[in-house]
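Keep the sequence and the model side by side as you read.

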Amino acid sequence: MSARNLWGKAAQLLYVLPILALFHWIDRRLVQGCGTKSETYFLNDQLHRATGTPKAKVIVLGQSTMGQWLDPPYLSSALKLPENEVLDGHLGGCHQDCTWAEVQLLLHQKRHFEKAFFGLNLYEMCDSATWKRSLQHATMTPLSAVPGLFLIYGRSDDAAKYVSRFVGASLLSAYADPLSVQEHLRRTLLGKPADVSDWVATPDPEGAAVDEKKKPKEIASCSMAPAAIQVKVSFTNSLLDGMEQLADHNYFLLLPDRTSRMSGVHVQRWRQFRAAIAGVLAAHPDVQLVDLVTGGALASKYFRDSVHLNASGTSIQRKLFEKRLKGLRAQ
(Lines give C-alpha, C1' and ligand atoms only; values in the text may rest on other atoms or scores of the structure.)
Protein backbone atom coordinates (compact mmCIF):
# COMPACT_ATOMS: atom_id res chain seq x y z
CA MET A 1 0.00 0.00 0.00
CA SER A 2 1.37 3.38 -1.04
CA ALA A 3 1.97 6.26 1.33
CA ARG A 4 -0.84 8.14 -0.35
CA ASN A 5 -3.29 5.32 0.36
CA LEU A 6 -2.13 5.13 3.97
CA TRP A 7 -2.77 8.84 4.44
CA GLY A 8 -6.17 8.36 2.84
CA LYS A 9 -7.08 5.63 5.35
CA ALA A 10 -5.84 7.80 8.20
CA ALA A 11 -7.97 10.69 6.97
CA GLN A 12 -11.04 8.42 6.95
CA LEU A 13 -10.38 7.47 10.55
CA LEU A 14 -10.33 11.14 11.49
CA TYR A 15 -14.00 11.33 10.59
CA VAL A 16 -14.70 8.84 13.37
CA LEU A 17 -13.15 10.99 16.11
CA PRO A 18 -15.87 13.68 16.17
CA ILE A 19 -18.51 10.94 16.30
CA LEU A 20 -16.78 9.25 19.24
CA ALA A 21 -16.39 12.61 20.95
CA LEU A 22 -20.11 13.27 20.46
CA PHE A 23 -21.01 9.88 21.94
CA HIS A 24 -18.74 10.54 24.91
CA TRP A 25 -20.32 13.98 25.47
CA ILE A 26 -23.83 12.48 25.33
CA ASP A 27 -22.74 9.72 27.72
CA ARG A 28 -21.42 12.22 30.26
CA ARG A 29 -24.49 14.43 29.93
CA LEU A 30 -26.84 11.51 30.52
CA VAL A 31 -25.04 10.34 33.65
CA GLN A 32 -24.45 13.83 35.05
CA GLY A 33 -28.01 14.85 34.24
CA CYS A 34 -29.31 12.11 36.49
CA GLY A 35 -27.09 13.28 39.36
CA THR A 36 -27.35 11.10 42.44
CA LYS A 37 -29.96 8.91 40.69
CA SER A 38 -27.30 7.58 38.34
CA GLU A 39 -26.11 4.04 38.92
CA THR A 40 -22.63 5.22 37.97
CA TYR A 41 -22.73 7.97 40.61
CA PHE A 42 -24.13 5.52 43.17
CA LEU A 43 -21.41 2.95 42.49
CA ASN A 44 -18.54 5.44 42.53
CA ASP A 45 -19.84 7.03 45.72
CA GLN A 46 -19.92 3.63 47.42
CA LEU A 47 -16.49 2.73 46.06
CA HIS A 48 -15.08 5.86 47.68
CA ARG A 49 -16.32 4.52 51.03
CA ALA A 50 -15.47 0.88 50.37
CA THR A 51 -11.85 1.54 49.44
CA GLY A 52 -11.19 4.02 52.25
CA THR A 53 -10.14 3.50 55.90
CA PRO A 54 -6.43 2.82 55.24
CA LYS A 55 -5.80 1.40 58.74
CA ALA A 56 -8.59 -1.17 58.54
CA LYS A 57 -7.76 -4.72 59.56
CA VAL A 58 -11.20 -6.18 58.75
CA ILE A 59 -13.37 -5.78 55.65
CA VAL A 60 -17.03 -6.66 55.03
CA LEU A 61 -17.80 -7.63 51.42
CA GLY A 62 -21.04 -8.31 49.58
CA GLN A 63 -24.22 -6.39 48.94
CA SER A 64 -26.75 -4.65 51.20
CA THR A 65 -27.77 -7.98 52.74
CA MET A 66 -24.38 -7.84 54.49
CA GLY A 67 -23.98 -4.12 55.06
CA GLN A 68 -27.37 -3.63 56.70
CA TRP A 69 -26.58 -5.76 59.76
CA LEU A 70 -22.79 -6.30 59.73
CA ASP A 71 -21.89 -2.62 59.92
CA PRO A 72 -18.61 -1.31 61.45
CA PRO A 73 -20.09 -0.20 64.81
CA TYR A 74 -21.57 -3.66 65.42
CA LEU A 75 -18.76 -5.77 63.94
CA SER A 76 -16.01 -3.82 65.70
CA SER A 77 -17.83 -4.44 68.98
CA ALA A 78 -18.28 -8.15 68.22
CA LEU A 79 -14.58 -8.51 67.34
CA LYS A 80 -13.45 -6.17 70.14
CA LEU A 81 -11.68 -3.81 67.74
CA PRO A 82 -11.67 -0.02 67.32
CA GLU A 83 -14.33 0.99 64.81
CA ASN A 84 -11.77 2.57 62.46
CA GLU A 85 -10.19 -0.87 61.97
CA VAL A 86 -13.34 -2.24 60.29
CA LEU A 87 -13.95 -1.25 56.65
CA ASP A 88 -17.50 -1.32 55.32
CA GLY A 89 -16.69 -2.66 51.85
CA HIS A 90 -20.21 -3.74 50.89
CA LEU A 91 -21.74 -2.25 47.73
CA GLY A 92 -25.50 -2.05 47.26
CA GLY A 93 -26.73 -4.46 44.61
CA CYS A 94 -23.29 -6.06 44.38
CA HIS A 95 -23.58 -9.82 43.93
CA GLN A 96 -20.58 -12.16 43.92
CA ASP A 97 -19.63 -11.30 40.33
CA CYS A 98 -19.51 -7.62 41.29
CA THR A 99 -17.67 -8.39 44.54
CA TRP A 100 -15.11 -10.32 42.48
CA ALA A 101 -14.37 -7.08 40.61
CA GLU A 102 -14.16 -5.12 43.87
CA VAL A 103 -11.65 -7.61 45.29
CA GLN A 104 -9.58 -7.37 42.10
CA LEU A 105 -9.57 -3.58 42.51
CA LEU A 106 -8.50 -3.83 46.17
CA LEU A 107 -5.69 -6.22 45.21
CA HIS A 108 -4.63 -3.80 42.48
CA GLN A 109 -4.46 -1.10 45.17
CA LYS A 110 -2.20 -3.35 47.25
CA ARG A 111 -4.69 -3.57 50.12
CA HIS A 112 -4.45 -6.38 52.67
CA PHE A 113 -6.55 -7.29 55.72
CA GLU A 114 -6.40 -9.66 58.65
CA LYS A 115 -10.04 -10.76 58.21
CA ALA A 116 -12.58 -10.61 55.37
CA PHE A 117 -16.28 -11.45 55.63
CA PHE A 118 -18.40 -12.19 52.57
CA GLY A 119 -22.08 -13.19 52.62
CA LEU A 120 -24.30 -14.87 50.03
CA ASN A 121 -27.95 -15.87 49.80
CA LEU A 122 -29.82 -17.94 47.23
CA TYR A 123 -31.13 -14.94 45.28
CA GLU A 124 -27.59 -13.82 44.50
CA MET A 125 -27.14 -16.93 42.38
CA CYS A 126 -29.76 -15.44 40.04
CA ASP A 127 -29.63 -12.34 37.83
CA SER A 128 -26.35 -12.88 35.99
CA ALA A 129 -26.24 -11.28 32.52
CA THR A 130 -27.66 -7.84 33.25
CA TRP A 131 -26.41 -4.41 32.24
CA LYS A 132 -25.94 -3.49 35.88
CA ARG A 133 -23.41 -6.29 36.31
CA SER A 134 -21.63 -5.18 33.14
CA LEU A 135 -21.44 -1.61 34.44
CA GLN A 136 -20.03 -2.84 37.75
CA HIS A 137 -17.37 -4.88 35.96
CA ALA A 138 -16.45 -2.04 33.59
CA THR A 139 -16.18 0.42 36.50
CA MET A 140 -14.10 -1.66 38.90
CA THR A 141 -12.13 -4.33 37.04
CA PRO A 142 -8.44 -3.38 36.65
CA LEU A 143 -7.04 -3.88 33.16
CA SER A 144 -4.78 -6.66 34.42
CA ALA A 145 -7.83 -8.63 35.60
CA VAL A 146 -9.85 -8.33 32.36
CA PRO A 147 -8.39 -11.56 30.84
CA GLY A 148 -9.51 -13.46 33.93
CA LEU A 149 -12.94 -11.86 33.65
CA PHE A 150 -13.26 -12.96 30.03
CA LEU A 151 -12.23 -16.51 30.99
CA ILE A 152 -15.15 -16.62 33.43
CA TYR A 153 -17.46 -15.19 30.78
CA GLY A 154 -16.25 -17.96 28.48
CA ARG A 155 -17.74 -20.61 30.76
CA SER A 156 -21.22 -19.32 29.95
CA ASP A 157 -23.37 -20.33 27.02
CA ASP A 158 -23.88 -16.57 26.52
CA ALA A 159 -20.19 -15.65 26.51
CA ALA A 160 -20.60 -13.28 23.55
CA LYS A 161 -23.38 -11.43 25.39
CA TYR A 162 -21.23 -10.97 28.50
CA VAL A 163 -18.21 -9.73 26.54
CA SER A 164 -20.20 -7.39 24.30
CA ARG A 165 -22.02 -5.86 27.26
CA PHE A 166 -18.75 -5.35 29.09
CA VAL A 167 -17.28 -3.58 26.07
CA GLY A 168 -20.45 -1.51 25.66
CA ALA A 169 -20.43 -0.51 29.33
CA SER A 170 -16.74 0.40 29.10
CA LEU A 171 -17.35 2.70 26.14
CA LEU A 172 -20.69 4.20 27.20
CA SER A 173 -21.49 3.94 30.90
CA ALA A 174 -24.92 5.55 30.48
CA TYR A 175 -25.83 2.86 27.95
CA ALA A 176 -25.29 0.28 30.69
CA ASP A 177 -26.68 2.41 33.50
CA PRO A 178 -30.17 1.13 34.40
CA LEU A 179 -30.96 4.14 36.56
CA SER A 180 -29.89 6.86 34.14
CA VAL A 181 -31.07 5.41 30.83
CA GLN A 182 -33.86 3.00 31.66
CA GLU A 183 -35.28 4.99 34.57
CA HIS A 184 -34.51 8.68 34.12
CA LEU A 185 -35.04 8.93 30.36
CA ARG A 186 -38.16 6.82 30.33
CA ARG A 187 -39.66 8.82 33.19
CA THR A 188 -38.74 12.08 31.44
CA LEU A 189 -39.94 11.12 27.97
CA LEU A 190 -42.84 8.80 28.76
CA GLY A 191 -43.82 9.91 32.24
CA LYS A 192 -43.36 6.51 33.87
CA PRO A 193 -40.43 4.46 35.19
CA ALA A 194 -39.01 1.40 33.48
CA ASP A 195 -40.14 -1.96 34.82
CA VAL A 196 -36.52 -3.10 35.12
CA SER A 197 -35.91 -0.52 37.85
CA ASP A 198 -37.48 -3.01 40.29
CA TRP A 199 -34.66 -5.22 41.55
CA VAL A 200 -37.04 -7.86 42.89
CA ALA A 201 -37.47 -10.97 40.78
CA THR A 202 -40.50 -11.41 38.55
CA PRO A 203 -43.13 -14.03 39.42
CA ASP A 204 -41.68 -17.49 39.77
CA PRO A 205 -41.94 -19.23 36.38
CA GLU A 206 -42.22 -22.60 38.05
CA GLY A 207 -45.29 -21.60 40.06
CA ALA A 208 -43.85 -21.80 43.55
CA ALA A 209 -46.19 -21.55 46.52
CA VAL A 210 -46.69 -17.90 47.38
CA ASP A 211 -48.18 -16.27 50.46
CA GLU A 212 -51.54 -14.94 49.23
CA LYS A 213 -51.01 -11.75 51.24
CA LYS A 214 -47.79 -11.06 49.35
CA LYS A 215 -47.34 -10.00 45.76
CA PRO A 216 -45.78 -12.73 43.59
CA LYS A 217 -42.99 -10.39 42.50
CA GLU A 218 -41.72 -10.30 46.09
CA ILE A 219 -40.48 -13.88 45.77
CA ALA A 220 -36.85 -13.53 44.68
CA SER A 221 -35.80 -16.93 43.39
CA CYS A 222 -34.71 -18.83 40.30
CA SER A 223 -33.65 -22.26 39.13
CA MET A 224 -30.58 -23.67 40.86
CA ALA A 225 -29.87 -26.27 38.19
CA PRO A 226 -26.09 -26.48 37.55
CA ALA A 227 -26.37 -25.07 34.02
CA ALA A 228 -28.42 -22.11 35.25
CA ILE A 229 -25.88 -21.00 37.86
CA GLN A 230 -22.57 -22.05 36.32
CA VAL A 231 -21.38 -18.47 35.77
CA LYS A 232 -22.22 -17.40 39.32
CA VAL A 233 -20.49 -20.51 40.70
CA SER A 234 -17.41 -19.66 38.63
CA PHE A 235 -17.43 -16.10 39.97
CA THR A 236 -17.82 -17.38 43.53
CA ASN A 237 -14.82 -19.68 43.09
CA SER A 238 -12.70 -16.89 41.63
CA LEU A 239 -13.91 -14.47 44.31
CA LEU A 240 -12.67 -16.77 47.07
CA ASP A 241 -9.35 -17.13 45.21
CA GLY A 242 -9.02 -13.36 45.37
CA MET A 243 -10.11 -13.15 49.00
CA GLU A 244 -7.40 -15.62 49.98
CA GLN A 245 -4.88 -13.13 48.60
CA LEU A 246 -6.68 -10.17 50.15
CA ALA A 247 -6.94 -11.38 53.75
CA ASP A 248 -5.24 -13.77 56.16
CA HIS A 249 -8.54 -15.20 57.45
CA ASN A 250 -11.69 -15.44 55.33
CA TYR A 251 -15.28 -16.13 56.34
CA PHE A 252 -18.10 -17.16 54.01
CA LEU A 253 -21.49 -16.27 55.50
CA LEU A 254 -24.45 -18.30 54.24
CA LEU A 255 -27.41 -15.92 54.47
CA PRO A 256 -31.17 -16.62 54.58
CA ASP A 257 -33.92 -15.00 52.53
CA ARG A 258 -37.70 -15.30 52.50
CA THR A 259 -37.56 -18.53 50.46
CA SER A 260 -35.40 -20.28 53.08
CA ARG A 261 -38.32 -22.07 54.75
CA MET A 262 -40.85 -22.10 51.91
CA SER A 263 -42.19 -25.35 50.54
CA GLY A 264 -42.54 -26.60 47.00
CA VAL A 265 -39.81 -25.84 44.49
CA HIS A 266 -37.84 -23.76 47.00
CA VAL A 267 -36.88 -26.83 49.05
CA GLN A 268 -35.10 -28.33 46.04
CA ARG A 269 -33.54 -25.00 45.13
CA TRP A 270 -32.04 -24.55 48.57
CA ARG A 271 -30.73 -28.12 48.50
CA GLN A 272 -29.04 -27.43 45.15
CA PHE A 273 -27.76 -24.05 46.34
CA ARG A 274 -26.17 -25.57 49.44
CA ALA A 275 -24.60 -28.33 47.34
CA ALA A 276 -23.10 -25.74 44.98
CA ILE A 277 -21.67 -23.73 47.88
CA ALA A 278 -20.29 -26.90 49.49
CA GLY A 279 -18.46 -27.65 46.25
CA VAL A 280 -16.99 -24.15 46.15
CA LEU A 281 -15.84 -24.30 49.78
CA ALA A 282 -14.33 -27.76 49.29
CA ALA A 283 -11.90 -26.13 46.86
CA HIS A 284 -11.09 -23.45 49.47
CA PRO A 285 -10.54 -25.33 52.75
CA ASP A 286 -9.03 -22.28 54.44
CA VAL A 287 -12.26 -20.29 54.00
CA GLN A 288 -14.49 -20.86 57.04
CA LEU A 289 -18.23 -21.31 56.59
CA VAL A 290 -20.51 -19.33 58.90
CA ASP A 291 -23.98 -20.86 58.50
CA LEU A 292 -26.56 -18.21 59.33
CA VAL A 293 -29.44 -20.15 57.76
CA THR A 294 -29.59 -23.11 60.13
CA GLY A 295 -31.16 -21.69 63.29
CA GLY A 296 -31.42 -18.23 61.73
CA ALA A 297 -34.18 -15.73 61.03
CA LEU A 298 -36.17 -17.59 58.39
CA ALA A 299 -39.81 -16.62 58.92
CA SER A 300 -41.30 -14.02 56.58
CA LYS A 301 -42.00 -11.75 59.56
CA TYR A 302 -38.25 -11.19 59.93
CA PHE A 303 -37.86 -9.68 56.44
CA ARG A 304 -38.84 -6.28 55.10
CA ASP A 305 -38.72 -7.64 51.53
CA SER A 306 -37.46 -10.78 49.83
CA VAL A 307 -33.89 -10.64 51.13
CA HIS A 308 -33.40 -7.77 53.61
CA LEU A 309 -33.90 -8.33 57.31
CA ASN A 310 -36.00 -6.05 59.49
CA ALA A 311 -34.97 -5.01 63.01
CA SER A 312 -36.17 -8.27 64.62
CA GLY A 313 -34.42 -10.39 62.00
CA THR A 314 -31.22 -8.39 62.38
CA SER A 315 -31.20 -9.02 66.13
CA ILE A 316 -31.60 -12.78 65.61
CA GLN A 317 -28.87 -12.93 62.96
CA ARG A 318 -26.40 -10.99 65.08
CA LYS A 319 -26.87 -13.32 68.03
CA LEU A 320 -26.42 -16.34 65.75
CA PHE A 321 -23.35 -14.75 64.13
CA GLU A 322 -21.71 -14.25 67.52
CA LYS A 323 -22.52 -17.85 68.47
CA ARG A 324 -20.99 -19.17 65.26
CA LEU A 325 -17.86 -17.06 65.73
CA LYS A 326 -17.36 -18.41 69.23
CA GLY A 327 -17.67 -21.92 67.83
CA LEU A 328 -15.00 -21.21 65.20
CA ARG A 329 -12.62 -19.75 67.79
CA ALA A 330 -13.03 -22.86 69.95
CA GLN A 331 -11.95 -25.18 67.13
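Two strands pair if DSSP finds at least two bridges between them. Helices (H or I, at least four residues) and strands (E, at least two) are DSSP runs, numbered from the N terminus. With that in hand, strand 3 (residues 113-120) and strand 4 pair in the parallel sense over seven bridges.

The model is predicted: local features need pLDDT of at least 70, side-chain atom pairs count only at pLDDT 80 or more, and totals for chains, interfaces and linings use all residues. Residues are numbered from 1 along each chain as its sequence is written, and side-chain values use heavy atoms, leaving out hydrogens and water.

The protein has 12 helices and five strands. Of its 331 residues, 49% count as buried (under 20% relative accessible area; exposed is over 50%, partly exposed in between; 1.4 Å probe, protein chains only). Contact means heavy atoms within 4.5 Å. Among contacts in the protein with a separation of 6 or more, 80% come from residues 24 or more positions apart.

Five strands form an open sheet in the order 2-1-3-4-5, with parallel pairing. Strand 2 (86-88) and strand 5 stand at the edges, each with a single partner strand, so one side of each has no neighbour in the sheet. Neighbouring strands are turned by 20° against each other on average, direction ignored. Such angles run from 0 to 180 degrees between N-to-C directions, and axes are lines fitted to C-alpha atoms, for helices over the stretch in contact.

Go through the pairings. Strand 1 and strand 3 pair in the parallel sense over four bridges. Here Val60 has Phe117 of strand 3 as its bridge partner. On strand 4, Leu254 is the bridge partner of Leu120. Leu254 also bridges to Asp291 in strand 5. Strand 4 and strand 5 (residues 287-291) pair in the parallel sense over five bridges. Six of the eight residues of strand 4 (residues 247-254) are buried, so strand 4 is largely enclosed by the rest of the structure.

Where does Val58 sit? Its place is in strand 1 (residues 58-61). Val58 is buried, with a relative accessible area of 2%. Its contacts include Leu75, Leu79, Val86, Phe113 and Phe117. The C-alpha atoms of Val58 and Ala247 are 8.4 Å apart, though 189 residues separate the two along the chain.

Six of the eight residues of helix 4 (residues 72-79) are buried. They are Pro72, Tyr74, Leu75, Ser76, Ala78 and Leu79. Lys80 follows helix 4, with a positive phi near 60°.

Helix 5 lies across strand 1 and strand 3, running at about 150° to strand 1. Gln104 belongs to helix 5. Gln104 is buried, with a relative accessible area of 17%. Gln104 touches Pro142 and Ala145, not counting residues up to four places away in sequence.

Helix 5 (residues 96-108) also packs with helix 10 (residues 226-246), at an angle of about 25° and with axes 9 Å apart. The two helices are therefore roughly parallel (angles under 35 degrees; over 145 is roughly antiparallel, 65 to 115 roughly perpendicular, the rest oblique). Residues meeting there include Trp100 and Val103 in helix 5 and Phe235 and Leu239 in helix 10.
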